[in-house]
Amino acid sequence: MSTVGNSTNIFWHECPVGKSERQKLLNQKGCVVWITGLSGSGKSTLACSLNRELYSKGKLSYVLDGDNLRHGLNKDLGFKVEDRTENIRRVGEVAKLFADSGLICIASLISPYRKDRDACRALLPESFIEVFMNMPLEVCEARDAKGLYKLARAGKITGFTGIDDPYEPPLKCEIELSYKDGVCPTPVAMAGKVVSYLEEKGFLEEDKERN
Amino acid sequence: MRAIGGLGSGSFGVIREREGRKGLGELGLGLARDGANVVRFETGGRRKKVGKVVLALEKGGVQQQYVNGMADGAPGENFHQIATVGNSTNIKWHSCSVGKLDRQVLLGQKGCVIWITGLSGSGKSTLACAISRELHSRGKLTYVLDGDNIRHGLNSDLSFKAEDRAENIRRIGEVAKLFADAGVICIASLISPYRKDRAACRALLPEGEFIEVFLDVPIHVCEQRDPKGLYKLARAGKIKGFTGIDDPYEVPVNCEIILNQKGHETASPCYC
């Protein structure tokens, strides 16, 4: 029996069906692909592309999109610093559950603060794959896929990442995606790079050594 | 538009398409496994590009249509407007071309939520594990969301005050919904004593995907078991607001399954 945070008198319940049994069933290893970057850098697009590439290989993945989660689990949170931190914390915890269930969980959210992303990484030390969409602000703003930069420049949104709130780029991420020779790679090409990484590291098959 | 359509069900595979002398980008699509029919598959465009591809799958009377982009870059589709939901302003729903039906086809099962409710010591965690084991032995993917376990992570910031219990249940309901959408049979096991909170979780899921299981075990039996020593602490006044002692448990009025446990029998129901 223990106390964790504000939860007193709680027990940990184990089940006979655990992570390795589920991984064997799915023939893959659960993990979290954490896509971070400015608004408009292409995170959701990459997440969907990756989702599709993995599906075509018979692998089960699920996208946790920052905006989508703000429609449900995180609808009580705004965009103040502490709310962003809590948003990321919750998404990290949910992603951890998904990875434990054997799924390849693709989290796609700006997640601008290094400290918060690192806290998520600490939840999953061996299965956290940080993907940085390193697209220049000018490119993201030119795209302005959701019209938010325009609103931000007009002062109608305050604390907007990249305009009047910082984005702290990763110092040591697993994959960095950026322009090559002045050209933005296609979503399929970028997804391919992530899939190759997952394949290389053995996430697209069960842990044969253990079984 | 050139229709290929009417492919019917078959084993999981890939369609490749090439047109034109210079060749096109390849188009890979997964065919439905048995159970889902491909009712429409159209592709068209000029020689150098594959244009819009429309694929409609039908399973159990439910049709789902996908519109893929071009072969060399098909983004997810965003077809909702910018909105405000709760405190989250300027958000937009992002859809993906791989949806709920695709995952069901891949897994050979339908995601849903089995919500096990009952007093502390009524056997919820035990039942959750038994269901999980039974389904796993049938090749089905399940995941248990145990109230206590979730309070070690996602809900570690919540106490047992009424408003925190409500938030605990709300969050677990939302997470269970995500798992069900992912195709997983999600087994939520938590006291969840208030009817209103359980009803709110039910409302998150489509009809038929929320299966409430009430473990109807008398309090004296639960207290006799006292597997975690909590009734003893509650009776001694060391825990306040303990369900069944000095906090109410509101029995479900219309749940899908009621399990009465007598003595030391272990229930291992079949979920069909």
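In the hairpin formed by strands S1(A) and S2(A), with 2 residues between the strands, A:Gly5 takes a positive phi near 60°. The model is predicted: local features need pLDDT of at least 70, side-chain atom pairs count only at pLDDT 80 or more, and totals for chains, interfaces and linings use all residues. Residues are numbered from 1 along each chain as its sequence is written, chains are lettered from A in the order in which they are written, and side-chain values use heavy atoms, without hydrogens and water.

**Hairpin of chain A**
- Strand S1 (residues 2-4) and strand S2 (residues 7-10) of chain A pair in the antiparallel sense over 2 bridges; strands are DSSP runs of E, at least two residues, and helices are runs of H or I, at least four residues, both numbered from the N terminus.
- Two strands count as paired if DSSP finds at least two bridges between them.
- A:Val4 has A:Ser7 in S2(A) as its bridge partner.

**Strand S6 of chain A and its neighbours**
- Strand S6(A), residues 128-134, is mostly covered, with 6 of its 7 residues buried (under 20% relative accessible area, with a 1.4 Å probe and protein chains only).
- S6(A) pairs in the parallel sense with strand S3(A), residues 31-37, over 6 bridges, and A:Val32 stands opposite A:Phe128 in S6(A).
- S6(A) also pairs in the parallel sense with strand S7(A), residues 175-178, over 4 bridges, where A:Met133 stands opposite A:Leu177.

**Extent of the interface between chains B and A**
- In contact (heavy atoms within 4.5 Å) are 69 residues of chain B and 66 residues of chain A.
- The two chains bury about 5900 Å² between them, 65% of it on carbon and sulfur atoms; buried area is the accessible area (1.4 Å probe) that two parts lose on being put together, summed over both.
- In chain B, the residues that lose the most area to chain A are B:His94, B:Tyr143 and B:His152, together 10% of what that side buries.

- The rule finds 4 salt bridges between chain B and chain A, each a side-chain nitrogen of Lys or Arg within 4 Å of a carboxyl oxygen of Asp or Glu.
- A salt bridge joins the side chains of A:Arg89 and B:Asp157 (3.4 Å, N to O).

**Elements on the chain B side**
- Elements that each supply at least two residues to the side of chain B touching chain A include strand S6 (88-91), helix H2 (124-137) and helix H4 (162-181) of chain B.
- H4(B) gives the largest share of that side, 8 residues.

Terms used:
Buried < 20%, exposed > 50% of the residue type's maximum accessible area, 1.4 Å probe, protein only.
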